[in-house]
Amino acid sequence: MNTIDRERLAALRALKRHHGPGWFRNNYNTDRHGIAEFMRWMREKRGLWPSPKHFPVEHPDTGWLAANREASTLTWIGHVTFLYQHRGLNVLTDPVFGERASPLSFAGPKRYTPPALHVDQLPPIDIVLVSHNHYDHLDRDAVKRIAQRNGGRTRFLVPLKCADWFRREGIANVVELDWWDECAPLGDARADVRAWFVPAQHFSGRGVNDRNATLWGGWVLEIDGHRLYFAGDTGYGKDFADIGEVFGGFDLSLIPIGAYEPQWFMSAVHVNPEDAVRIHRDVRSRLSVGMHWGTFILTDEPVDEPPHRLARARAEQGVHEQAFIVMRHGETRHL
Ligand code: ZN
Ligand code: ZN
């Protein structure tokens, strides 16, 4: 794997352009994505949402996954939730297993594709990567159950200012990082594990008074030199060129491809498939997997459109069809 440009990393880390007084902002884009724009979107769409579609869900071989210590695998549980296995370590991204991406049990985006497995069927998780605190990325029940199942040994890597929320929920094994911060999340002898929190162009909040009070971003996880990039939720901007310059490449990247219509409102915070392919190229990814589609209805595009647009964008940008793929729900891929 390419060596890290430590000088560039230190320079970006020192900037802290995203630190406001009590809240955070994006590095490069300041497009409005606020309540007035949200109201205009709601007014113009007149209550019309795309229809859900039936996506087949495969049942992962949970016994095999639990016993696996050798093979590198990636399993798509749904939306932004992946189980990644490398060198005997089990890593989970943004664990969301609930019925609704909402604080309420009766309202908010309802899940139309069930998770491919339940929390109880997961192998013991070593590391959980949390990108930000939106409901479709941070599911209170799921993280609590994951923490309890593994007797506190699961380490949660979370964005700056998110650790208190986890501690209040009884999860003590938590590390919060600012953009470009590095940590060695395990500190044991199984493998050389390092993680970095990196910028994304997005926002945060779980209630009415906490907009951008906690940070958002993506994660880089390196296990014995094998490098994973989990982009989180993001619009397109210059952050990805920065990430590509610092790290020089990734073996595997998980990049969002859904939740982009209407563009005038969503592009500040969510990429479309064309921009997802640009991210794949900017960060110099060897293999990318599309996420953030096919599970919740969050925006206006037809729910099965992202993979088709991804195929077109790959062709237009000269990216090989095996270099940026989508997976079937519940599929396990050997890497
Ligand atoms: Zn989000
Ligand atoms: Zn999201």
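**Zinc site, surface patch and backbone features**

Isoleucine 35 is found in helix α2, which spans residues 35-45. Helices (H or I, at least four residues) and strands (E, at least two) are DSSP runs, numbered from the N terminus. The structure is a predicted model, in which local features need pLDDT of at least 70, side-chain atom pairs count only at pLDDT 80 or more, and totals for chains, interfaces and linings use all residues. Residues are numbered from 1 along each chain as its sequence is written, chains are lettered from A and ligands numbered from 1 in the order in which they are written, and side-chain values use heavy atoms, with hydrogens and water left out.

Isoleucine 35 counts as exposed because its relative accessibility is 64%. Buried means under 20% relative accessible area, exposed over 50%, and partly exposed in between (1.4 Å probe, protein chains only). Ile35, Phe38 and Met39 form a nonpolar patch on the surface. Together they have about 310 Å² of accessible area. Patches are made of residues with over 30% relative accessible area and no salt bridge; like charges are joined within 9 Å, and nonpolar side chains (Val, Leu, Ile, Met, Phe, Trp, Tyr) within 5 Å. A salt bridge is a side-chain nitrogen of Lys or Arg within 4 Å of a carboxyl oxygen of Asp or Glu. Areas come from the Shrake-Rupley method with a 1.4 Å probe; for residues, only the protein chains shown count as cover.

The zinc ion (ligand 1) has His132 (NE2), His134 (ND1), His202 (NE2) and Asp233 (OD) as protein donors, at 2.1 to 2.3 Å. Donors are N, O and S atoms within 2.8 Å of the metal (3.2 Å for Na, K and Ca); water is not among the atoms, so sites may look incomplete. Aspartate 233 also coordinates the zinc ion (ligand 2), which lies 3.7 Å from the zinc ion (ligand 1). The donor residues of ligand 1 follow the spacing H-x1-H-x67-H-x30-D. Histidine 134, in the loop between β4 (127-129) and α4 (140-149), and histidine 202, in the loop between β8 (193-198) and β9 (218-223), are 68 residues apart and link distant parts of the chain. Histidine 134 is buried at 11% relative accessible area, and histidine 202 is buried at 2%.

Backbone features occur in several loops. A cis peptide bond, with omega about 0°, joins glutamate 261 and proline 262. Proline 262 lies in the loop between β11 (252-256) and α7 (263-266). Asparagine 212 is a non-glycine residue with a positive phi, near 60°. The loop between β8 and β9 holds asparagine 212, which is buried at 14% relative accessibility.
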